[in-house]
Amino acid sequence: MELLEILGFISALMIGISLGLIGGGGSILAVPVLAYLFSVNEKIATAYSLFIVGASALVGGIKQHFKGYVDWRTALVFGFPAIIGVTTVRKFIVPALPDVLFSIDHFDFTRRMGMFGLFALLMIPAAFSMLKKRPQNQKQKNAKVKYNYPLILTEGLIVGGITGMIGAGGGFLIIPALVILANVDMKVAVGTSLVIIAFKSLLGFFFGDAISMQIDWGFLLIFTGLSFIGIFIGSYLSNFIDGTKLKKGFGYFIFVMAGFIFYMEFFVKQ
């Protein structure tokens, strides 16, 4: 086993630890870890990330369900169009993308640049969401949930499409949408978003990627298993470590990673 692969599996464990410590965000590192430490291409990296993100979110969603912080009706209303969006992108759009999207003079803008560039771009608002302090219960716990169906359906399709393209869950988009468009309490929005991310990511992977590409299940299950172990380690460490301060530091780290991806794809690759 090469040094980069060892670092990759250690990173898988660290992704889980960060999820256990701060409750989210760690899975956004799955794509760069897969791409730069295991040298997999953009299609496989985003596909595997969907499985890893979805499985990790499922663990978190189940925990939130038992705490009473999952609104299953809202999850279905928002999740259904999101599942359609991610599955459509993974099954039809991503396989149809050419290796070179367009050329300007001697510069080729490749599929990898497009997918990883979009990923890095969306890491920026994800980082901001981790730096921003979430307001505490703004709604009454028993407040009536009201759905703006047209906007929810549109938002679900868009978030699903983005998830399918970049392989990330998009919680930073889902949570404010649930609060604003469905009048959901913040804590319930966080728990419900995990369920939405789990189902749209896993179903997008199984209905889009698993039936159209060769999956290295041994590698994928080892990587995901290490992340799961990390989640339990992180959950234990959260009893002794202030997750709020770590979350802020992790937000800055995501900024750095976004810059690193831009540098690797648009400068080093050229």
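The questions and answers below go through some features of this predicted model and the reasons for the words used to describe them.

User: Why is Gly61 called buried?

Analyst: Gly61 has a relative accessible area of 4%, and buried means under 20%, so the word applies to Gly61. Gly61 lies in helix H3, residues 42–66, and touches Val70, Leu194 and Val195, not counting residues up to four places away in sequence.

User: What makes Ser18 count as buried?

Analyst: The relative accessibility of Ser18 is 10%, and the cut-off for buried is under 20%, so Ser18 counts as buried. Ser18 is found in helix H1, where a polar atom of its side chain lies 2.7 Å from the backbone oxygen of Ile15.

User: How do you know that the length of helix H8 agrees with its number of residues?

Analyst: Helix H8 covers residues 186–209, and at 1.5 Å a residue its 24 residues should span 34 Å, while the end C-alpha atoms are 33 Å apart, which agrees.

User: Why is H8 described as largely enclosed by the rest of the structure?

Analyst: Of the 24 residues of H8, 18 are buried, so the helix is largely enclosed by the rest of the structure.

User: What makes Asp185 a cap for the N-terminal end of H8?

Analyst: A side-chain oxygen of Asp185 lies 3.0 Å from the backbone nitrogen of Lys187, and a polar contact requires N or O atoms within 3.5 Å, so this pair of atoms falls inside the limit.

User: Why is the lining of the second largest cavity described as having no polar and no charged residues?

Analyst: The lining residues are Ile28, Phe119, Leu122, Met123, Ile166, Ala168 and Phe172, and because Ile, Phe, Leu, Met and Ala count as nonpolar, the division by class is seven nonpolar, no polar and no charged. This cavity has a volume of about 30 Å³, and helix H5, residues 111–131, gives the most to its lining, with three residues.

User: Which residues lie nearest the centre of the second largest pocket?

Analyst: Met14, Ile15, Leu29, Phe250 and Phe253 lie nearest the centre of this pocket, which is lined by 17 residues and has a volume of about 360 Å³.

How values were computed: Residues numbered from 1 in each chain as written. Predicted model: local features only at pLDDT ≥ 70, side-chain atom pairs only at ≥ 80, totals over all residues. Heavy atoms only, no water. 1 Å grid on protein atoms, 1.4 Å probe; cavity = no way out; pocket = protein on both sides within 12 Å on 5 of 7 lines; lining within 4 Å. Points joined across faces, edges and corners; volume = space filled by probe spheres on them. Helix = DSSP H or I, 4+ residues; strand = E, 2+ residues; numbered from the N terminus. Expected span 1.5 Å × (residues − 1). Buried < 20%, exposed > 50% of the residue type's maximum accessible area, 1.4 Å probe, protein only. Polar contact = N/O pair within 3.5 Å; in protein donor to acceptor, adjacent residues only side chain to side chain. Contact = heavy atoms within 4.5 Å.
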